[in-house]
Amino acid sequence: MRFMLLFSRQGKLRLQKWYTATAERDKKKMVRELMQIVLARKPKMCSFLEWRDLKIVYKRYASLYFCCAIEEQDNELITLEVIHRFVELLDKYFGSVCELDIIFNFEKAYFILDEFLMGGEIQDTSKKSVLKAIEQADLLQEVTTNPPPLPWRVGVSVLFLYKVITQIEQIYDIWLEF
Amino acid sequence: MSDVVEKTLTALPGLLSLDSQPGSNKLSSSSKLGSLIRGITELTSKHEEEKLIQRELTSIKEQVSSPNTSMRQMKELMVRAIYCEMLGYEASFSYIHAIKLAQQGTALEKRVGYLAVSLFLNESHELLLLLVNTVLKDLQSTNLIEVCMALTVVSQMFPKDMIPAILPLVEEKLNHPKEIIRRKAVLALYKFYLIAPNQVQHIHNKFRKALCDKDPGVMTASLHIYLQLIEENPEGYKDLTTSFVTILKQVVGGKLPMDFSYHSVPAPWLQIQLLRILCLLGKNDQSTSEIMYEVLDESLRRAEINHNITYAILFECVKCIYTIHPKSELLEKAAKCIGNFVLSPKINLKYLGLKALTYVVQQDPKLALQHQMTIIECLDHPDLIIKRETLELLFRITNAQNVTVIVDKMLEFLRINKDDYTTIDLVGKVAELAEKYPLIHVFLSFGGPLLPENGKKIWFIETMSTVFSVGGDTMQPDIPNSFLKLLSEGFDSVEEDRKLRLFAVDSYVSLLQGEPGKLPQRFLQVISWVLGEYSCLRADLEVDTVLRLLAKLLDMKTTSSETKSWVLMAMTKLCEGGAGVSVARGVSETYSSSLDTVLRQRAQELQHLRTRSYEPGCYPDTPAWSPWRMISGSPLKEKSNIMLVSRWISLSFLDGFVSEALAAGAAPYKPPHQRQEELAQAKALSLEPYGLSLPISMSSCSITDRQSPTLLSISSGLSGNSNDLSHKGGSSSLKLDGVKRVWGREGYLAQREPAEESAHVEVPSTLRSPSQQGGADGSHSQTPTHTPTPEPELEKQQLASSLFVGLGSHSSVCLMGKSEPTPQRFRRKARSPASSSGASKNISNSLVSPTITVDTLMCNNLLDSRITSEPDVSPLDQTPPLSKGLAAASGSCDEELPDSDVKGSSPSLIGDDALVAADPAPHEEPPKDLLLSSYLPAELSGLSHSEIIPLSSDQSLDLSACHVQKEGDLVLVVFIYNSSDSDIQQILLELDSEELEVSCECDGAVGGARGHSVAVCQYSLSVKRPSVHVELVGTVSYQFPVGTPQSVQFSYKLPLSSFIRPLTLSTEEYGAMWLDFSHDTKQNLTLISDDPEPLAASLSVLKKKLQLHVVEIIGMEGIVACRLLQDQPCLMHCRLHAGTLAVWLRSPVPDLPDCLMYFCQRALQEH
């Protein structure tokens, strides 16, 4: 994987992780361009793009877009699942994660990502062990983490929304079949 | 893992005490970041945001540099700095403090420090050197979390030169008791390997140890390294194949702990990694490939849940199967898989299906044929990504016959595309295609008549014009260069070249008369060169006009100075004769004082040449402006020519160097867009053993070599035939002598020698003529409905026929038996009465191309092969025996197939096909049907049999045959009638078929036949590979007591429907089976609408004609089942839908649904 981006529907960058050395200016340019392309795409469109010499895999969870750049020989579908697993991890850690969790605790999201992907390769696919590693580190720090302070716990869980929407879509598809 | 915590907690007791008031601290820190974030969201303009962030950054800056700031506060400040950077504001002052934090902070602060460092800096940043010591210290720490952090940061970014400093420590970690540390160490080493491979060479054996690690996580991590190593040197790791296969087997078999499962699929990431490795190992290596066949099969079988993750595995499997040494069984399954992807309603899967098709289509064009309608749909998909991928696929199946349509589609896409990258890529491809097939026979409309010669040139020039104007200045610079090279070098005939150039001149002059300001610079340069060089070819074109047009370019503001210099050069060439003096003088005067040196130089040249041509006595005898002089070349002309041409074509002074380099083994130069294409091909999978690429490359190389048009047409024939050739034994030697020249300038050359005919009898070949194929495909794709087809549908089908022309496949059926007919043996004029069915009428209305229906094709195949000895049979001569045959056939059906219940005059399927095989011109009276039927074996005589058809005969033997439908069997009965007076001792009969399994009930040897008596042979047939019509080829060899051995050959064709039997099952059984079957096809068929109960009526027709079993009819839906002999089920689901019968067929057997659909359609149409 070359990089992973996380941005909102409004085009605000929420997270970025680069796994290959890229100049700061290029990063900015790529992020801007990519956001534009991905945000312009309609919901029923293909989640894969060919962009420059990269393959882009993106997925939308409620108001958040997760976007990965992979290389020619990489598998698109498994990348979609990498994204999904990451969301599951975030969800589990924050307890139904919403965009605000990621905004206010973005460094935590980074820690989880680092524990999940290392050098652009998936490191641990087991949800349990990733979170264990994070929580152990957290334990040293904040005994009283959970639940996080209230003010921003008003957002809706992105994973929950995603699941609901997917289910509605599935029902719709089944309905269309008949 | 919890023991890690315990250890850490005991090791660092001080840590927690520092955190004694975490709550308050956290709140204040979060609230600072929180208030910043909230502050930003409340802002309304970008400008305000900028101000706020700047203020924030200043305050952060102050605080970080203050000596009183604690590490704890520093941590919080870093988080805010990261946030500001993420918003796009630079906070470089904090970088050094991030490093300091990583160095001095406690474990937790360290974590933020490391995070900040990894986000702020990249591998080459000089500040990173300051981090090395910290990392070293942390790697040696007893605190596991610190070690983890150090390993993480090391794998994220670490200065290359400093790797040796920490390498021993990381290596040491490979033996760490904790798997998490071992895993991270392996991944860190992987990263090192990527950035500095030679640094880690010495520890390769340690990787092996990691591969054998007892923890699956560590083993998985080590596979990343192996993938990389094997990619670089597959030979070195062949010995590991068995290990990888074993691991994969265990994973697939569910031997890993549940922890590693993802959505109940065992370790999918690991599986994919292993498949990728196997793919690399098995490439071009038969013995290694053989080791993995079993596990690949297993993986395909296991991946059954409908989830992305299983599709991901399947996709990787398919890729692997097509890359390694092929195994037909697996290939079949993989093809089926690709089909599932392509047909999936999920857009992501469809996209990957197209991608997979693109990979394999060169090896297996028939796959593209199978999915042609889906491909057409994708071509019109609203999602540009899908469209783009489809074009990529089409690009790979381009041949001389469909090139225009495909190029059209590409240009269409280019006009709406906005992405530069895609434009450059696609423009390169269009140019490549246009240049590859510049003067080949092309069609403009769908399978329509051949264009006049001129049309082809217009097409070439216009396509290139579009390429230049759409491609603009971003395209590969070699595209215009090679275009000009093509123009200037010409093809074969001087006259043709002249015409081509004339078209170019005409077209460019009219472009310049339009709005040249809109044209890209590159295009203008091409135009100027062409006009300068060739406008003299058009005698009625005044030099003045051209000069003025060119001068207009010089005046435009947008014209670059490079273009201007091209224009000036063109003018120089034009003025040489002394014409257009006034314009030239004006221009040269203007530019003689230009600031641009090159332009000034050109203007000087122009001026000089202009004045020189006035010199008296220079060319006393020729008019100043004479085409003759331009072409034959005045000295000046030649000089400028050399000057210009050499600029694009060759730098001849480098030739020596180049040839030396080539001799030394350097790769010959290829233009970038070609290279890019090769790269793409390299990415695509190659399937050496199939040798399929050979004919294709043959054709392309003869084209690029610019051989004579005849050669071109042969090679185009070759590419059409490639599949056939290679499937017949996969020999790499091309039997060129066997391949007739099918294409001439005037189109298809109908005359074919009987010898070749017989060579092709065995396998219906796909050597087709474009026009006929166009017709054939067109008529085949008409199959869906009997009622008038809706417009868009029709358009799609026409498009399909023009896109997939020349992509013939071998005998296996694709869509509706598309590849079955053998049009090269078909004569256009011959029309059988069968073609008067409604379908053909429909087609004749809708198609411009020759109207050939399936029926006629089928009939004529056989007809033709029989009457090659009398090539001049006129259609009228043929009709009477045919209609007689038909009457006889349907008559005999009524008599002899009582249980098929065909009444009235409508020819039944079987009757119809009996006609197909009927010999229209028997050499002598064969024994009468009735007579022969009395020879039917006793156990068969009670059953219905088809008409007894004379097959073949010579002076002493008459062969006839019929087939008898038994309940669980189909028996072929061959009658051998000895028409001579003497006895024959030994008769041997051999049967062979591509599609059928033949088992003999009389072991081949018939024994003897007395004079004027009949010997009978029985064969039991079952279907190996479904196809609309299946054909048997047989040889009877015999010998008279005195005389030489002789043999008679024959072929017998029968419809697949004879092999269909009802399948009795319950609705529940049906439901269970339905889901298991993977091959399916859907189509709307004509309904029998004159009945009050259309569904029931339609189904009963199908039941009668095709012997299907109607399982149940529920309201608007009906389910039907049947089996193909011996025991291959096919299920059908029908539904009334908008006045048609929506039929969905499913079967585990490939092609069976398609074939059956064909018969259902015919059965309903003929009702």
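Author: Here is a close look at the aromatic rings. The model is predicted, so local features need pLDDT of at least 70, side-chain atom pairs count only at pLDDT 80 or more, and totals for chains, interfaces and linings use all residues. Residues are numbered from 1 along each chain as its sequence is written, chains are lettered from A and ligands numbered from 1 in the order in which they are written, and side-chain values use heavy atoms, with hydrogens and water left out.

Over all chains, there are 23 aromatic pairs. Rings of Phe, Tyr and Trp (its six-membered ring) pair if their centres lie within 6.5 Å; planes under 30 degrees apart are stacked, over 60 edge-to-face, the rest tilted. Take Tyr93(A) and Phe94(A). Their ring centres are 5.1 Å apart and their planes stand at 85 degrees, so this pair is edge-to-face. Tyr93(A) is buried, at 12% relative accessibility. Phe94(A) is buried too, at 8%. Buried means under 20% relative accessible area, exposed over 50%, partly exposed in between (1.4 Å probe, protein chains only).

Now chain B. Trp1074(B) and Trp1144(B) have ring centres 5.2 Å apart and planes at 85 degrees, so they also pair edge-to-face. Trp1074(B) lies in helix 48 (residues 1067-1076) and Trp1144(B) in strand 19 (residues 1140-1147), so the pair ties together parts 70 residues apart in sequence. Helices (H or I, at least four residues) and strands (E, at least two) are DSSP runs, numbered from the N terminus. Trp1074(B) is buried, at 12%.

Trp1144(B) has a charge over its ring: the charged end of Lys1082(B), 3.9 Å from the centre. That requires NZ of Lys or CZ of Arg within 6 Å of the ring centre and within 35 degrees of the ring normal.
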